[in-house]
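Subject: Structure handover

Hello,

Here is the structure for you to look over. Please open it alongside this email.

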Amino acid sequence: MNTIILRTASIYLLPLLLIFSIFILLRGHYLPGGGFVGGLVASVAFVLHALAHGTTETRKILGIHPGFFIPMGLSVSLISASLPLYAGKALMTGLWYPDPIPVIGSIGTALFFDVGVYIVVVGVVLTIILSLSEASQR
């Protein structure tokens with residue numbers, strides 16, 4: 001799609017959707033939402049940008065291949081899930097910082113696990129969508 005309305009709107013919608021995806025990620029810490037849904041919203045923001053500007057411009061914004069997000073997110077989730085083992089607790093037991101942070105609330109291993117899921121979802125969805133988009137352009 002190469003309409004001026006979509007190209008202009010996608011420039012403004014990309015940062016707004018990314019901020020909204022972070023909100024959903026942090027909201028899911030206590031309410032419905034979380035890493036999976038937030039990652040999907042962030043992926044939709046980049047897919048919208050790719051539709052308006054092309055996959056090469058979107059890859060420039062990402063900086064690295066989206067496939068590299070997958071092992072990074074898996075590492076964050078694995079580390080956060082295994083941290084309780086070092087404290088003498090069961091795997092995936094929540095460890096919490098005692099003082100809440102004003103905007104975010106209580107920080108614990110569950111939040112970092114959600115962040116890892118967020119990164120994995122963004123990596124998987126963007127790898128699939130951008131690869132399919134580039135293959136269809138050939």
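Below is what was found in it, from the overall fold down to single residues.

This is a predicted model, in which local features need pLDDT of at least 70, side-chain atom pairs count only at pLDDT 80 or more, and totals for chains, interfaces and linings use all residues. Numbering starts from 1 along each chain as its sequence is written, and side-chain values use heavy atoms, with hydrogens and water left out.

Overall fold

The protein has five helices and zero strands. Helices (H or I, at least four residues) and strands (E, at least two) are DSSP runs, numbered from the N terminus. The order from the N terminus is α-α-α-α-α. Along the principal axes, the C-alpha atoms fill a box of roughly 55 × 30 × 20 Å. Of the 138 residues, 35% are buried. Buried means under 20% relative accessible area, exposed over 50%, and partly exposed in between (1.4 Å probe, protein chains only). Take the contacts (heavy atoms within 4.5 Å) with a separation of 6 or more: residues 24 or more positions apart account for 67% of them.

Helix α5

Helix α5 has 29 residues. From first C-alpha to last, α5 reaches 42 Å, close to the 42 Å expected at 1.5 Å a residue. The expected span is 1.5 Å times one less than the number of residues. Its buried residues include T109, L111, D114, Y118, V122 and L126. What covers the buried residues of α5 includes α1, α2, α3 and α4 (69-86).

T109 lies in α5. T109 is buried, at a relative accessible area of 10%. Leaving aside residues up to four places away in sequence, T109 touches S80, L83, T93, G94 and L95.

Helix α2 and its partners

The axes of α2 (residues 35-53) and α5 (residues 109-137) come within 8 Å and cross at roughly 35°. Axes are lines fitted to C-alpha atoms, for helices over the stretch in contact, and angles run from 0 to 180 degrees between N-to-C directions. The α2/α5 crossing is right-handed; that is, the near helix is turned clockwise from the far one by less than a right angle. On the α2 side, the contact includes G35, F36, L40, F46 and A50. On the α5 side, the contact includes D114, Y118, V121, V125 and L130. By class, the contact of α2 with α5 has 14 nonpolar, four polar and one charged residues. Ala, Val, Leu, Ile, Met, Phe, Trp, Tyr, Cys and Pro count as nonpolar, Asp, Glu, Lys and Arg as charged, and the others, Gly among them, as polar.

α2 also packs on α3 (residues 55-62), at an angle of about 135° and with the axes 7 Å apart. The two are therefore oblique to each other. Angles under 35 degrees count as roughly parallel, over 145 as roughly antiparallel, 65 to 115 as roughly perpendicular, and the rest as oblique. Here F46, H49, A50 and H53 in α2 meet T55, E57, T58, I61 and L62 in α3. The classes in the contact of α2 with α3 are four nonpolar, four polar and one charged.

Two exposed residues

I19 lies in α1 (residues 4-27). I19 is exposed, with a relative accessible area of 58%.

M92 sits in the loop between α4 and α5. M92 counts as exposed, at 52% relative accessibility. Phi of M92 is near 65°, a positive value in a residue other than glycine.

Best regards
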